[in-house]
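Good morning, colleagues. Please take a moment with the sequence and the model on the screen before I go through the computed features.

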Amino acid sequence: MPESVDAVEMQAALLRLRRTSGLPVAFGGLLSDTRHARIAELNGAQTTALRGLVISAGSGLGGKSIALSRPCAVTDYHSSRHISHEYDLAVAAEGLRSVVAVPVVVRRKVRGVLYGALREPLGLGDRTFDAAVAAARDVEQALVVRDEVQQLLAVTREEVTDPRAVPGAWEDVREAHRELRALAPKVVDPALREELLAVCGRLATAAGARPPRARDVQLAPREVDVLACVAAGATNAVAADRLGLRPETVKGYLRAAMRKLGAHTRLEAVVAARRAGLLP
């Protein structure tokens, strides 16, 4: 079974945290509700004492970070007077002493917490704090993308039989297609990305255009992405900003797509792509 998007993103963030900070241990998890986070991912741990630990807001170092919505750290976890000590047994089993906790915050809402730790009671410098914050930001951005994808998928999962029959629906379909195509390269979880691209394919043929066949013109994914932006009226510069590309790169993809479609203008390329079932 494919790993969940949460696990994939958290694992990548913890690995980055260890590599950039030099900390031997990193762990974390997302909130199951507004006040509780479950430690689901470990990196560098020598035991399983921390796995599955449920952290309550306000309790321990991570709970303090969740409650205050800001990074918190202690030089010696066991002797610190600035945190409560509900989780001392698990922390001691892993041999952790100096620990930093950083909340994962999306749209002002705490969604998780990341930890980095040493097995020695040493002060953590700015480099360590910066690395921990950067890792949390990675998870935050991934969650933003995931949320946007799921919102769009929720709207487009209902079968679109004839968008032209509903005023404004056709443009909504095209805009959803463009947004989903732009988000696809940012999605790490393969199962979610596959579902996203499948929905894009369904939207592209929503009005009855035939699906592209193997012998039809074949465009690279980024060529379709660029054409979807162009179809929405975007300039090369705007398309580059939406797709995270350089304007020159967008121009190259557009030129290649036009050549494959036998088009001489941007508009001809969009029309040809729609006829081929590549765009809605």
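Which residues does D225 touch, not counting residues up to four places away in sequence? D225 touches R181, P185 and L243, where contact means heavy atoms within 4.5 Å. D225 lies in helix α7; helices are DSSP runs of H or I with at least four residues, strands are runs of E with at least two, and both are numbered from the N terminus. D225 counts as buried because its relative accessibility is 3%; buried means under 20% relative accessible area, exposed over 50%, and partly exposed in between, with a 1.4 Å probe and protein chains only.

A word on the source. This is a predicted model, in which local features need pLDDT of at least 70 and side-chain atom pairs count only at pLDDT 80 or more, while totals for chains, interfaces and linings use all residues. Residues are numbered from 1 along each chain as its sequence is written, and side-chain values use heavy atoms, with hydrogens and water left out.

Next, the chain as a whole. The chain has 10 helices and 7 strands, and 46% of its 280 residues are buried. Of the contacts with a separation of 6 or more, 61% are between residues 24 or more positions apart.

I turn now to the largest pocket. A pocket is an open set of points on a 1 Å grid over the protein atoms alone, where a 1.4 Å probe fits, with protein on both sides within 12 Å along at least five of seven lines; lining residues have an atom within 4 Å of a point. The largest pocket has a volume of about 320 Å³, a volume being the space filled by probe spheres set on the points. Its lining consists of 20 residues, and R181, L197, P221, V224 and L278 lie nearest the centre. Two or more lining residues come from each of α5 (169–183), α6 (190–204) and α7 (221–231), with the largest share, 5 residues, from α6.

Finally, the aromatic rings. The whole structure holds 1 aromatic pair, for which ring centres must lie within 6.5 Å; planes under 30 degrees apart count as stacked, over 60 as edge-to-face and the rest as tilted. F27 and Y115 form this stacked pair, at 4.4 Å centre to centre and 15° between the planes. F27 belongs to strand β1 (residues 25–30) and Y115 to strand β7 (residues 109–118), so the pair, by the strand definition already given, links parts of the chain 88 residues apart. Both F27 and Y115 are buried.

Definitions and conventions
Rings of Phe, Tyr and Trp (its six-membered ring) pair if their centres lie within 6.5 Å; planes under 30 degrees apart count as stacked, over 60 as edge-to-face and the rest as tilted.
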